[in-house]
Amino acid sequence: MNSVGLFILVLLYLVLLFFIASVAEKSRKPFWVNNPYIYSLSIAVYCSAWTYYGSIGVAATRGLEYLTIYIGPIIIIPAWILINAKIIRISRVNKISSIADFISLRYGNSRSLGALITLICAAAIVPYIGLQIKAISDTFHLVSHTANSNNIFTDSATYVVALITVFSSYYGTKYVDASERRVGVIAAVAAESILKLVFFLVLGIYVTYGVFNGWDDLYAQASTFSDFAHKNSIGGLTGALNWCLMSLLSMSAIFLLPRQFHTTIVENRREKHLRTALWLVPLYLLLINIFVFPVAWGGNILFKGASVNAEMYSILIPQKFGQDVITVIVFLGGLSASVSMIIISSIALSIMMSNNLIIPYGILNRISESNVKDNTKLIVTVRKIGIALLIVCAYLFYKFYINENSLFSVGLMSFVIIAQLAPSFFAAIFWKRGSYWGAVSGLIAGVFMCYKMLILPEMSGANVSHSFFTIDYFDPMTNAFFWSLFVNTVIFAVVSIFGKGNYTERNYAEMYVDIDKYLKYQDSAFVWKGTAETEDIRRILIRFLGEEKTKQALHIFNQKYNITDEEDTADARLIKFSENLLAGRIGTASAKILIESVTKEDKISLPEVLGILEESKQNILLNKQLTEQSQKLKQLSAQLQHANASLLEKDKQKDEFLDAVAHELRTPITAIRAAGELLQDDEDMPEGIRSQFLYNIISESDRLNELINDILYLDKLEHTEQVLEIAQYNIKNTIKKVIQPIEHLVEKEEIKLDVRLNLTREFFYYDEKRMIQVINNLLANAIKFTKDRHGEILLSVCNPQENLELKIYNSGKQIPDDELEMIFEKFYQSRNQNLKKPLGSGLGLSISKKIIEAHHGYIYAKNILDGVQFTLSVPQNYDKYEKNNYSR
Amino acid sequence: MKKRHEQKLVLVSIIIFILLNVPIILLFDKADKVIGIPMIYAYIFMVWIASIAITFFVVKRYNE
């Protein structure tokens with residue numbers, strides 16, 4: 001394919017990216033905004049041209065070690081659920097927009113540390129971007145069969161790079177607030193991740209099944225190579241040590257590379273998206289690695305003896321067989337891999353450069369004076385130029401320096417330099433004692449070691465000289481990694497432990513490490529003492545947010561903390577809130593400097609900070625306890641009210657009970673007294689009438705006696721002194737004993753009495769005497785309430801689930817629903833019944849209930865059909881011990 | 001996700017770390033053919049696939 005055609009193809013490809021980005025940006029539909037798959041695929045920006053071409057080169061020439069770049073990430077990714085969730089929360093609360101912000105905020109929101117980290121990242125990433133440009137350029141020339149031109153202006157790769165620069169700086173700086181999510185760019189990167197994977201799989205399948213006859217054929221041919229066994233092994237204990245360290249290196253890279261921090265942390269929209277990434281990212285890495293082995297060894301077989309760059313096998317193989325389509329597809333896949341890496345890296349770096357270097361050190365004074373429009377424009381311009389400058393630098397670096405070096409070694413060098421951030425980064429999340437001086441001295445020492453052991457030998461071109469630090473069984477790269485990180489960590493830890501703590505640092509340390517505790521009270525977690533005017537802060541906010549947004553933000557703040565709009569002194573919460581508002585635009589360090597310029601902070605000691613923090617922690621705890629207690633109290637008072645109401649009701653019932661008792665007792669006494677008086681006065685009374693009166697006296701006395709017995713018996717039951725005599729009885733006999741005496745009465749009243757037995761057995765445990773009493777009571781009740789003539793009563797007995805169950809139904813007047821429970825209370829007489837003289841003692845149902853409860857059973861009434869049904873149930877499953885207990 | 005289930009995932013991390021490191025990885029350090037690829041590749045890819053499957057299962061099962 002000629003270079004013009006290929007160039008047009010690249011152009012079309014970039015137009016496609018622009019198209020995807022602008023569609024996503026404009027529509028802002030949930031599909032683009034709230035999509036865990038787009039999020040996970042954007043993390044696959046980890047696979048750059050290094051993966052695409054470099055892995056194959058390493059697999060072909062050196063062997064397994066290319067895998068370490070993926071082993072580290074796949075080991076740590078499941079644990080992201082803990083680590084990254086924490087980082088995401090911290091970043092969200094503090095409006096963090098880059099790794100430099102993240103680390104420098106933790107160590108006292110330090111401007112210098114942010115700048116140092118930015119410089120380190122730039123030093124590591126610019127060559128890395130250069131690598132990507134080199135990959136684009138090399139493959140472009142390879143595919144279009146043109147020579148690599150040394151003149152920048154005639155080299156077609158220059159124009160490809162220029163296009164990418166335009167794209168990144170256009171979409172990368174859409175928002176002034178750097179902590180804002182970039183929907184368009186992320187959608188484009190996710191699309192690129194799909195493209196590079198699919199294209200690489202196409203190549204893999206083509207090589208494995210098109211060029212060779214599958215895996216077995218490939219293995220058979222490859223295994224004839226003398227170094228096959230050697231290259232496809234870890235390489236014994238020595239190799240395994242290198243393997244382990246390299247895995248650790250890539251493990252830290254997946255956290256620390258600015259582009260990874262940007263996609264995983266800054267661009268995270270919902271914390272739950274992380275859960276999809278947990279399995280999707282390792283899956284992606286697996287798929288993109290499956291065909292590395294066949295392509296690498298396929299290349300080794302096909303180009304045996306020829307001097308070709310193994311990194312280019314993926315293009316050389318289809319080219320050798322004249323497969324133009326596949327060649328171009330592979331080229332486009334590689335282009336996607338490079339472009340996505342360049343875009344995200346340059347955006348992340350330009351944010352760091354502007355927020356941590358240029359604004360705090362250069363133009364802060366200027367922007368704090370001018371208005372919102374100029375400021376926004378200036379900040380965006382700074383970032384745009386930053387992106388362009390970074391890519392140009394990388395391009396020059398590639399043109400004049402790395403032309404000869406392989407993708408793999410320059411890439412690893414970036415990894416080692418970036419890994420220097422590891423001690424201060426991980427300590428930020430897990431260790432409260434880490435200090436600013438520790439972080440700075442550790443970083444400088446680590447970078448110095450990298451310079452001595454990696455960059456210097458690389459630049460001088462000489463072989464690594466054997467020095468005191470050289471550990472024989474380490475590669476130069478692992479050696480440098482080991483020593484630099486060792487020195488870095490030790491110095492960081494020692495300086496941190498021996499240095500005196502600083503209160504702002506400790507404040508952030510508490511907030512970072514215990515983020516879950518402070519998440520709810522984010523602004524209260526910030527300790528600040530001093531004097532500040534709300535008006536001054538407002539004026540600063542207006543310069544960056546504009547009049548309208550500032551008003552909104554402050555209104556929300558005031559509502560949240562119940563502060564009146566007139567309040568003119570600012571407290572710690574407002575300071576932190578305003579810093580957060582500014583942080584996204586100008587970085588955390590500059591935000592702090594700006595706010596500091598209008599406030600007067602009082603010095604406080606470390607113990608004081610800890611005291612205040614402890615206090616606020618306790619306050620949070622106390623608050624929680626208080627709400628819990630007040631809820632408990634509420635419940636208690638509700639219960640009390642309920643108890644009071646029922647007591648009042650009982651009291652009323654007792655009064656009524658006494659009235660009723662008095663009334664009940666008086667009736668027979670009156671009758672007895674009347675009969676007695678008549679007998680006394682009239683001595684000549686005929687014998688017949690006389691005996692009638694005497695009979696009345698006896699029967700009324702009996703009734704009186706019965707009434708008193710009932711009252712006493714109920715009292716006994718209530719004090720649970722009643723002894724039940726539980727034994728096995730035949731329920732049929734019991735029923736017979738009940739029915740026989742009343743048959744006569746029933747006939748007289750013309751009531752239809754029906755008894756239905758539906759039993760699987762006949763013997764049950766109960767106290768027969770008491771049971772008869774209960775059934776008698778219920779039947780008497782039923783007879784009383786059955787319609788005078790032609791009513792019916794149905795007594796049914798069954799034994800469901802080991803229980804003995806009796807149902808007594810009678811037709812007639814129903815009980816009002818709200819009285820269904822009350823009828824079991826003492827002397828309860830239905831309201832409508834007051835007119836008539838009650839027929840029974842009014843204690844029957846009460847006694848029945850007590851008896852059934854003493855059997856551990858239950859009794860209730862229900863309105864069904866056109867009558868009332870009483871159901872009583874006595875359990876049969878109590879064990880021997882309980883039975884003995886009953887008849888104690 | 002509850003703390004308890006999060007720890008399952010951390011455990012997955014720890015176990016793969018041990019499986020893909022000295023000394024266990026050296027047990028499989030051979031280029032003999034296993035399912036068409038050198039044994040060491042087969043081993044690493046198996047652990048890799050298993051870790052994805054377990055993570056996927058834990059995430060789907062306890063996702064609330």
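Trainee: Is the crossing of α24(A) and α30(A) left-handed or right-handed?

Mentor: This is a predicted model: local features need pLDDT of at least 70, side-chain atom pairs count only at pLDDT 80 or more, and totals for chains, interfaces and linings use all residues. Residues are numbered from 1 along each chain's written sequence, while chains are lettered from A and ligands numbered from 1 as written. Helices are DSSP runs (H or I, at least four residues) numbered from the N terminus. With the near helix turned from the far one by less than a right angle, anticlockwise is left-handed and clockwise right-handed; the crossing of α24(A) and α30(A) is right-handed.

Trainee: At what angle do α24(A) and α30(A) pack?

Mentor: Residues 503–513 form α24(A) and residues 606–681 form α30(A). The two helices are roughly parallel (an angle under 35 degrees). Their axes, lines fitted to C-alpha atoms over the stretch in contact, lie 9 Å apart, and the angle is about 25°.

Trainee: Which residues of α30(A) make the contact?

Mentor: Contact requires C-beta atoms, placed from the backbone, within 7 Å. From α24(A) come A:Tyr503, A:Arg506, A:Asn507 and A:Glu510; from α30(A), A:Leu606, A:Val609, A:Leu610 and A:Leu613.

Methods
Axes fitted to C-alpha atoms, helices over the stretch in contact; angles between N-to-C directions. Parallel < 35°, antiparallel > 145°, perpendicular 65-115°, else oblique. Contact = placed C-beta atoms within 7 Å.
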